[in-house]
Amino acid sequence: MDVMVTRTVALTAEVIQVFLSRPDGKALPAFEAGAHVMVTVAPGITRAYSLCGDPADTGEYVIAVKRESAGRGGSQALHARACAGMTFSIGAPHNLFALAGQAPHHLLIAGGIGITPLVAMAHALHRRREAFSLLAFSRSRALLPFAELLNAGSWKDRVATYFNDTPRADLAAKFATMPTGTHVYCCGPDGFMRQMREACKTIPDSTWHQESFGGSLPAVDAKPQASRPVTLFLNRSDRQIIAPAGATLLDALRHAGIAVDSACEQGACASCVVGYRDGQPIHGDTCLSTEERLEYVALCSATCASPTLTLDL
C-alpha cells in the first residue's frame, strides 16, 4: 500500500523518526509489537523497518531509521527523501519477533537503534499491565534514540539506560532476581547480542528472543559455499530448478524467475525465511535459532550440502 509521510522528528544526529499514514485518512492494518514493514525507500531499494509506535494506534505507523554511512544505501536514501508529503510504498506488517503470550516478567534489552521494536513492546506490555523492564544501551546520551520517551514516558519507571562512560549492567545478577520463566527480548548489533547472550547464558533458549539490527553482519563473500549443483523442489508451485555450485538459494530462485521477498540479503532480517524439508541446508544467517534451523532457512545466505532440497515455495 502507499503511505504518506506526515512528519519527521530528529531523535539524534543519526536517527530520524518517520510518521506514516494513509493518504485517504483510513486506518492502517493492525500490527503486534515486534512487527516490521518492508518499505520501498527508492526505486530498487526495499528495506525492513520495525514499527516502533503504539500498536493500539492504527492511524499511523512510526519507524525510526539510523543513517548508516557505510551501509548499502537504504538508510541514506530514506533520510534524504523522508519529508512531509512524500509517499512510500510499504508491505503489510509481518512479525518474526513477537512477545510471548504469558510470562511472569518480560526483560527488554536494546542496543542502539535496536530499541525500535522494543519501544512497541513496552507500549503493549504497559497497556496489558504486565511486568516488564527495559535496558537501553547506547554509546552516549546524545546518541540514545527515544531519550525523551525513555526519560519522561508513561513507563519511564521500567527503564534503565547505560552508556560507554557509565558502569555496565550486571545482567546475570539482574536476571537472578527475576521470576522463573522470565522472557528476554534482545535487539541490536550482532556483537552486542552475543555479549548479552553470554551474560544471560543461564536463560534457556525457549525464553530468549532476539532480532539482529546489523553492526557486525557477515560479509557477502563470507557466505557458505556449496561445492556442487543442488536440485531444488518447490512444493507449492510444483517446480524443480537447479542451484549452481556456489550460488545461494536466493540467487538460484531469482535466476529461475521466482520472486522472493528479501531485504538485507545478509541473513539478518529474516524477510526471506521459508520452510524446508528433505535436505540439508548450509545456514549462513544470524536471524534463526538452532531449533528454527531444523525447519526454516534464510534463502539469501544459505546453500545446500545435500544433492536435493525441498522448499515451501
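Visitor: Is R158 buried, partly exposed or exposed?

Guide: First, the ground rules: this is a predicted model, where local features need pLDDT of at least 70, side-chain atom pairs count only at pLDDT 80 or more, and totals for chains, interfaces and linings use all residues. Residues are numbered from 1 along each chain as its sequence is written, and side-chain values use heavy atoms, with hydrogens and water left out. Buried means under 20% relative accessible area, exposed over 50%, and partly exposed in between (1.4 Å probe, protein chains only). R158 has a relative accessible area of 24%, so R158 is partly exposed.

Visitor: Which residue meets R158 in a salt bridge?

Guide: Side chains of opposite charge can pair when their charged atoms come close. A salt bridge here is a side-chain nitrogen of Lys or Arg within 4 Å of a carboxyl oxygen of Asp or Glu. For R158 the N to O distance is 3.9 Å, and the partner is D157.

Visitor: Is D157 buried or exposed?

Guide: The relative accessibility of D157 is 61%. Therefore D157 counts as exposed.

Visitor: How many residues apart are D312 and R236?

Guide: D312 and R236 form a salt bridge, with the closest N and O atoms 2.9 Å apart. The pair links distant parts of the chain: D312 lies in the segment after β19 (308–311), and R236 in the loop between β13 (230–234) and β14 (239–243). Strands are DSSP runs (E, at least two residues), numbered from the N terminus. The separation is 76 residues.

Visitor: Which class does R236 fall into, buried or exposed?

Guide: D312 has 30% relative accessibility, so D312 counts as partly exposed. R236 has 65%, so R236 counts as exposed.

Visitor: Is D285 buried or exposed?

Guide: D285 forms a salt bridge with R293, the closest N and O atoms being 3.3 Å apart. R293 is partly exposed at 25% relative accessibility. D285 has a relative accessible area of 6%, so D285 is buried.

Visitor: How many salt bridges does the structure hold?

Guide: Some of them share partners, joining E14, K66 and R139 into one network. The total for the structure is 11.

Visitor: Now the cysteines. How many disulfides are there?

Guide: A disulfide is a pair of cysteine sulfur atoms within 2.5 Å. By this rule the count is zero.

Visitor: Which cysteine has the sulfur nearest to that of C272?

Guide: C272 is buried, because its relative accessibility is 4%. C272 is in no disulfide. The nearest cysteine sulfur is 3.7 Å away and belongs to C300.

Definitions and conventions: Helix = DSSP H or I, 4+ residues; strand = E, 2+ residues; numbered from the N terminus.
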